[in-house]
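Biologist: Hello! Could you walk me through this model, starting with the metal and working outward?

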Amino acid sequence: MTGNPVIPSPSTSLRVNWSRDLSMNILAIETSCDETAAAVVEDGTKIVSNVVASSTKMHEKYGGIVPEVAAREQLRCIIPVITEALVGSSLKNIDAIAVTVGPGLIGSLLVGVETAKTIAFATGKPIIPVNHVLAHMYANFLDSDQKNLHFPAISLVVSGGHTELYLMKSIKDLTWLGGTLDDAAGECFDKTARLLGFGHGGGLAIQVAAKKCQMLHDKCQIKLPRPLLHDDTLNFSFSGLKTAVMREWKKYEDHSEELINTFAHEIQESITDVLVEKTLRAAKKYHAQSILVSGGVAANLRLREKFLTKLRSNNITNLTFHAPSPQLCTDNAVIIAAAAYFRGSFILSEVEGPTDWHTITAVPNLSVEEI
Ligand code: KG4
Ligand code: ZN
């Protein structure tokens, strides 16, 4: 083929009026990493379907996610996953398509973005681009007791790729306050879990092993640092912790189950201490009334317990704590629909509201501040 392909001009039917008060049935697609997900959500809150396929296990033998393998799995799963999400609904009843445009792996993102564009083109429906990191925090508006959720709020998004703190003055008004300077908390969980002999996605494995640890904390022979706990910023750093774990681990020849559980316990304590402390500090500084946590690491039961215990033991009664159900913490498309509903087209378009498919593109390094 020679020359540039001819791209048809946008049909006027794509230019719908957008109002947050409209009833909105959204088909959402998420393919930023190793999960292929689709969901139908009504009005940003009512989950009609939520389908997630994961290639996580396929990467186990490589010791990390292989982008090429993830992209091929996205291609294999995308149509069956969307088809399943639409069981019981019809594309005719969908008002808009929401899709993750970044950040993420380019090969994976492209599968979701191009599929969403194709559906939008074929059906004449508008498309809403969504920032994956920001989408995590909208799980809090689907799931938690919103009666007690007040602004300003501090939102901690903590996942395999990100550890970010935001000030939320309203559901749409976000300011980035700080984030990790190197590894994300989830990445630290995953890498140290692998060292302890657990497979990929090891945050949950560390949580389970830590629970079996019989060692009283002050008697624990393994002492790990709490990185950046006492610095003045709201930033995090977890790569040094991973190195410290490796150094400690090498001191022992017999890696018994008891030792593994003790390591898991201390790793979890170190990561959760820093996350809780910095989030509470941000809440104090910005006079927050609610704390929202989200992202895969927010599924961690010790993290949730620590937040609640800290609030209780310090008699902090003017600050409510919110976390989505664990299955809405890890990657899924329901959060993409919720973000699309509550924020509209907030990334690539100056204009509020759904965008036409011509303007949508995958942005692997989409900034966590691009809101
Ligand atoms: O949000 P997510 O599914 O994907 C990203 O956007 O990165 O988060 C995945 C991360 C992984 O690092 C995984 O180990 C961690 O969330 N994770 C947990 C738990 N469940 C998942 N970390 C600690 N405790 C858990 N229970
Ligand atoms: Zn995620």
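This is a predicted model: local features need pLDDT of at least 70, side-chain atom pairs count only at pLDDT 80 or more; totals for chains, interfaces and linings use all residues.

Biologist: Which residues are the protein donors of the zinc ion (ligand 2), and how are they spaced in sequence?

Modeller: The spacing pattern of the donor residues is H-x3-H-x194-D. The donor atoms lie 2.0 to 2.1 Å from the zinc ion. They are NE2 of one histidine, NE2 of another and OD of an aspartate, which gives the names His132, His136 and Asp331.

Biologist: What arrangement do the four donor atoms around the zinc ion (ligand 2) make?

Modeller: For four donors, the tetrahedral class asks that all angles lie between 85 and 135 degrees. Around this zinc ion the angles run from 98 to 133°, so the arrangement is tetrahedral.

Biologist: Where do His132 and His136 lie, and are they buried or exposed?

Modeller: The two histidines are four residues apart, about one turn of the helix. Their helix covers residues 132–137 and is α4. As for accessibility, His132 and His136 are both buried.

Biologist: Now for the other ligand. How many residues surround ligand 1, and how do they divide into nonpolar, polar and charged?

Modeller: The shell around ligand 1 holds 21 residues. The closest are Gly160, Asp190, Gln207, Asn300 and Asp331; Asp331 is also a protein donor of the zinc ion.

Biologist: What polar atoms lie by the oxygen and nitrogen atoms of ligand 1?

Modeller: Backbone first: a polar backbone atom of Gly160 is 2.8 Å from an oxygen atom of ligand 1, and one of Gly186 is 3.1 Å from an oxygen atom of the ligand. On the side-chain part, a nitrogen atom of ligand 1 has a polar atom 2.9 Å away, and that atom belongs to Gln207.

Biologist: How much of the area that ligand 1 exposes when taken alone does the protein bury?

Modeller: Taken alone, ligand 1 exposes 560 Å². Elements giving two or more residues to its shell are α4, α6 (185–195) and α7 (203–211). The share of the ligand's area buried by the protein is 87%.

Biologist: Let's turn to the backbone. Which residues does a cis peptide bond join, and in which loops do the prolines lie?

Modeller: One cis bond, with omega about -10°, joins Gly102 and Pro103, and Pro103 sits in the loop between β4 (96–102) and α3 (106–123). Another, with omega about 0°, joins Phe151 and Pro152. The loop that holds Pro152 runs between α5 (139–143) and β6 (153–158).

Biologist: Asp43 and His287 have positive phi values. How exposed is each of them?

Modeller: Phi is near 50° for Asp43 and near 50° for His287. Asp43 lies in the loop between β2 (35–42) and β3 (46–54), while His287 belongs to the loop between α9 (257–285) and β9 (290–294). Exposed requires over 50% relative accessible area, and buried under 20%. Asp43 is therefore partly exposed at 29%, and His287 is exposed at 64%.

Biologist: One last stop: how far apart in space are Ala283 and Leu167, C-alpha to C-alpha?

Modeller: Ala283 is placed in helix α9. Its relative accessible area is 3%, so Ala283 is buried. In sequence, Ala283 and Leu167 are 116 residues apart, while in space their C-alpha atoms are separated by 8.5 Å.

How values were computed
Residues are numbered from 1 along each chain as its sequence is written. Chains are lettered from A and ligands numbered from 1 in the order in which they are written. Side-chain values use heavy atoms; hydrogens and water are left out. Donors are N, O and S atoms within 2.8 Å of the metal (3.2 Å for Na, K and Ca); water is not among the atoms, so sites may look incomplete. Four donors count as tetrahedral if all angles lie between 85 and 135 degrees; four count as square planar and six as octahedral if opposite donors are over 155 degrees apart and all others between 65 and 115; anything else is irregular. Buried means under 20% relative accessible area, exposed over 50%, partly exposed in between (1.4 Å probe, protein chains only). A residue is near a molecule or strand if one of its heavy atoms lies within 4 Å of it. A polar contact is a pair of N or O atoms within 3.5 Å; within protein, one must be able to donate a hydrogen and the other to accept it, and residues adjacent in sequence count only if both atoms are side-chain atoms. Accessible areas come from the Shrake-Rupley method with a 1.4 Å probe; for residues, only the protein chains shown count as cover.
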